[in-house]
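Colleague: I am new to this structure and would like to know what stands behind the words used for it. Please go through the terms with me.

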Amino acid sequence: MRSTPPPDPPRQFHSCYVDLPLLAVDISSSYSICSFTNLIQRMSEGTSLVMESSENGTDLSQDDIGTVEEIPEDTILSRQTSVNLVPFIGQRFVSQDAAYEFYCSFAKQCGFSIRRHRTRGKDGVGRGVTRRDFTCHRGGYPQIKPSEDGKLQRNRKSSRCGCQAYMRIVKRADFDVPEWRITGFSNIHNHELLKSNEVRLLPAYCSISPDDKSRICTFAKAGMSVRQMLRLLELEKGVKLGCLPFTEIDVRNLLQSFRNVDRDNDAIDLIAMCKKLKDENPNFKYDFRIDGHNRVEHIAWSYASSVQLYEAFGDVVVFDTTHRLDAYDMLLGVWVGVDNHGITCFFGCVLLRDENVQSFSWALKTFLGFMKGKAPQTILTDKNMWLKEAISIEMPATKHAFCIWRIIVKFSDWFSVLLGSRYDDWKAEFHRLYNLELVEDFEQEWREMINKYGLHENKHIASLYALRTYWALPFLRCYFFAGMMTTFQPESINALIQRFLSAQSQLDHFIERVADTVDFNDQAGAKQKMQQKMHKVCLTTGSPIESHAAAVLTPYAFSKFQEEFVSAPKYASILLDEGCFHVRHHTQVDGGCKVIWVPRQELISCSCHQFEFSGILCRHVLRVLSTNNCFHIPDRYLPIRWRGVSSSSTKLSQATTPREHAERIQLLESMVSTIITESIETEERLDEACEQIAMVLAHIKELPRPTHNGVDISRKQRHCSLSFCGQFEHDSSDCPIIEGDNLTGDALGFL
């Protein structure tokens with residue numbers, strides 16, 4: 001008789017959370033979808049499923065972290081190379097949305113859905129959102145709402161059970177490129193996970209994508225039934241019968257929402273709303289076109305503040321046409337830019353019935369009409385061939401480029417399956433080619449990249465190469481982009497658009513939401529500018545060049561300048577000929593840039609073309625200036641566009657609307673409140689504040705008052721309240737009757 005071996009000792013589960021009901025759950029049913037065997041194996045190796053990292057000094061509270069256990073480096077490396085879908089500490093994403101989509105895919109594979117949870121920071125304020133937590137949809141507990149007026153609350157069941165699974169991302173900026181990194185991850189659930197045929201029915205996975213909505217709208221126009229639509233979509237996507245991420249009921253609800261929209265009357269209401277705004281403010285701009293069926297075909301509008309901002313900062317414009325109003329089957333186009341403080345500003349909006357060359361030409365021509373015929377130097381758009389042709393017709397002198405972030409976001413669909421494990425290496429190679437300086441280097445290394453990865457017949461690679469002059473930096477560095485080609489821009493632009501994109505039920509409500517969003521963005525921008533001004537600029541060197549730039553540029557522009565100036569000493573400057581220098585990094589033997597400097601004419605240029613590209617002098621030029629005893633920067637290399645006080649800002653302040661005037665008063669009150677709060681901390685601060693404010697007040701009193709026909713309006717509005725006087729242009733404190741008759745208080749009481 002064979003003896004039974006003794007059972008193995010129980011394995012220890014490592015976690016920063018204790019007393020979780022997970023240990024009492026039936027293993028065979030709970031983790032069938034989430035590879036429970038692999039989880040047990042990783043646990044048995046002493047690897048915690050809960051991971052935290054203070055990435056580059058990230059401040060994490062003890063409540064957020066708990067008890068942290070380190071993960072062996074080989075575990076992270078193996079996970080990074082073998083299982084691409086499992087989140088790991090240090091994993092990087094280009095945006096919050098990319099991280100959300102990744103975690104959403106992981107959750108769907110495991111058998112749960114996720115939701116956005118806590119954040120640190122706020123969009124449009126300071127540095128914006130710097131940390132984001134995503135949690136399991138069953139995390140937290142249902143909140144008990146207090147009853148109102150004795151009414152019984154509905155006893156709704158909640159799926160929340162305090163699940164602790166989550167993923168945390170933190171914003172970082174390496175090599176001046178903002179990105180998001182995973183700093184915390186836990187995949188421990190205290191509930192059963194769903195099977196693959198159940199998880200797709202969760203509300204989070206039943207959403208209809210914008211592309212699918214457009215297809216369904218097209219099918220409905222063709223007279224197809226709902227079942228025919230679903231079957232055709234299944235064939236197009238190559239999925240099994242009934243395996244679409246949405247159901248027949250979802251499609252019927254979508255079509256019903258389209259039918260509930262009164263498109264003709266809503267368009268009339270939108271025009272009436274524009275006319276009302278025009279009556280309230282004559283500087284409000286709008287235009288529209290009616291088609292042959294007496295329907296609104298196109299409509300565009302812009303606000304008075306937007307026109308003023310465009311006059312100062314309309315040199316670089318992004319025309320975003322990637323969103324739609326599905327309820328009205330209209331394309332939404334938004335014109336935005338960036339001001340001298342690096343804040344996204346709104347220029348205009350358009351709704352188009354059709355997406356073709358004629359529609360885009362009308363939109364561009366109307367926009368130029370709003371802006372008094374002033375075309376931008378550079379315009380950035382999506383890779384749209386109709387829009388490309390329209391820009392060449394309506395803005396022939398404007399440099400047209402494609403938004404690189406709109407291209408990169410499609411790489412996963414285009415190349416991830418094709419390249420497999422080599423996809424990450426190829427993407428890094430593409431970024432390197434994108435950032436090259438010389439066209440010759442790009443052409444040569446692009447061919448080498450195609451040969452290395454075998455992409456000769458790939459249609460996407462062929463299209464990218466054919467349009468390389470519209471997106472690759474070696475072809476664009478000679479044009480001004482004001483920093484809009486970096487990857488941080490889509491987040492701020494999408495945040496602006498998403499604030500009003502949800503208001504699609506009625507068009508007049510939509511334009512109200514756009515107006516509210518523009519006001520909110522202006523207020524947030526004003527607050528951020530005030531915060532920038534109140535923070536003292538820190539000089540890293542004693543150089544007069546740095547002091548000169550700090551006194552002229554805005555804090556945002558000076559921070560970009562300072563990055564280049566601090567790096568300049570790392571470069572060697574070699575005189576080749578009179579006025580010609582070769583500048584290269586001290587660790588390099590070959591390469592470098594060529595700098596031409598003509599001191600008498602105050603002309604300087606560099607082969608890297610950074611000044612032409614961003615409006616900020618490069619480190620190569622600054623190195624030449626420093627080593628040749630130049631102690632100031634020529635005015636032409638401190639562009640008005642990046643200055644704190646400019647002629648453009650003066651124009652903006654000359655004609656302000658009542659709303660803008662009220663906002664400036666509110667800003668002044670906020671500054672006064674901040675001054676008081678900061679001054680009362682010490683006696684020294686209080687004395688300094690009183691002295692400085694007294695000087696400012698004396699200066700303000702010396703400024704001229706508003707006059708009308710030579711008469712001081714402020715004086716004219718004064719009125720004496722004494723019953724025996726009642727005259728204007730003075731009050732009871734300086735009444736000439738009192739001064740002439742020497743009246744006392746008793747006499748005044750008697751009178």
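Modeller: Start with surface patches: they are made of residues with over 30% relative accessible area and no salt bridge, like charges being joined within 9 Å and nonpolar side chains (Val, Leu, Ile, Met, Phe, Trp, Tyr) within 5 Å. Lys and Arg count as positive, Asp and Glu as negative, while His and the chain ends are not counted. The place of a charge is NZ of Lys, CZ of Arg, CG of Asp or CD of Glu. Accessible areas come from the Shrake-Rupley method with a 1.4 Å probe, and for residues only the protein chains shown count as cover.

The model is predicted: local features need pLDDT of at least 70, side-chain atom pairs count only at pLDDT 80 or more, and totals for chains, interfaces and linings use all residues. Residues are numbered from 1 along each chain as its sequence is written, and side-chain values use heavy atoms, with hydrogens and water left out.

Colleague: Which residues form the negative surface patch?

Modeller: E683, E684, D687, E688 and E691 form the patch. E684 is placed in helix α27, residues 683-702; helices (H or I, at least four residues) and strands (E, at least two) are DSSP runs, numbered from the N terminus.

Colleague: Why does E684 count as exposed?

Modeller: Buried means under 20% relative accessible area, exposed over 50%, and partly exposed in between. E684 has 68% relative accessibility, so E684 counts as exposed.

Colleague: What makes the nonpolar surface patch?

Modeller: L668, V672, I676, I680 and L686 make this patch of about 450 Å². Helix α26 (residues 658-679) gives the most, with three residues. I680 is in the loop between α26 and α27, and its relative accessible area of 60% makes I680 exposed.

Colleague: How do you know that R641 forms a salt bridge with D315?

Modeller: A salt bridge is a side-chain nitrogen of Lys or Arg within 4 Å of a carboxyl oxygen of Asp or Glu. For R641 and D315 the closest N and O atoms are 2.9 Å apart. R641 lies in the loop between α24 (619-627) and α25 (647-654) and D315 in the loop between α11 and β9, so the pair ties together parts that are 326 residues apart in sequence. R641, at 8% relative accessibility, counts as buried, and D315 does too, at 12%.

Colleague: What is the distance between the closest N and O atoms of R324 and E355?

Modeller: Those atoms are 3.9 Å apart, and the pair forms a salt bridge. R324 counts as partly exposed at 23% relative accessibility, and E355 is partly exposed at 30%. The structure holds 19 salt bridges.

Colleague: Why is the aromatic pair of F319 and W335 called stacked?

Modeller: Rings of Phe, Tyr and Trp (its six-membered ring) pair if their centres lie within 6.5 Å; planes under 30 degrees apart count as stacked, over 60 as edge-to-face and the rest as tilted. A search of the whole structure finds 35 aromatic pairs. F319 and W335 are 4.5 Å centre to centre with 5° between the planes, so the pair is stacked. F319 is in strand β9 (residues 316-325) and W335 in strand β10 (residues 330-338).

Colleague: What makes the aromatic pair of F411 and F415 edge-to-face?

Modeller: With 5.7 Å centre to centre and 70° between the planes, the pair of F411 and F415 is edge-to-face. F411 is buried, with a relative accessible area of 0%, and F415 is buried, also with 0%.

Notes:
Buried < 20%, exposed > 50% of the residue type's maximum accessible area, 1.4 Å probe, protein only.
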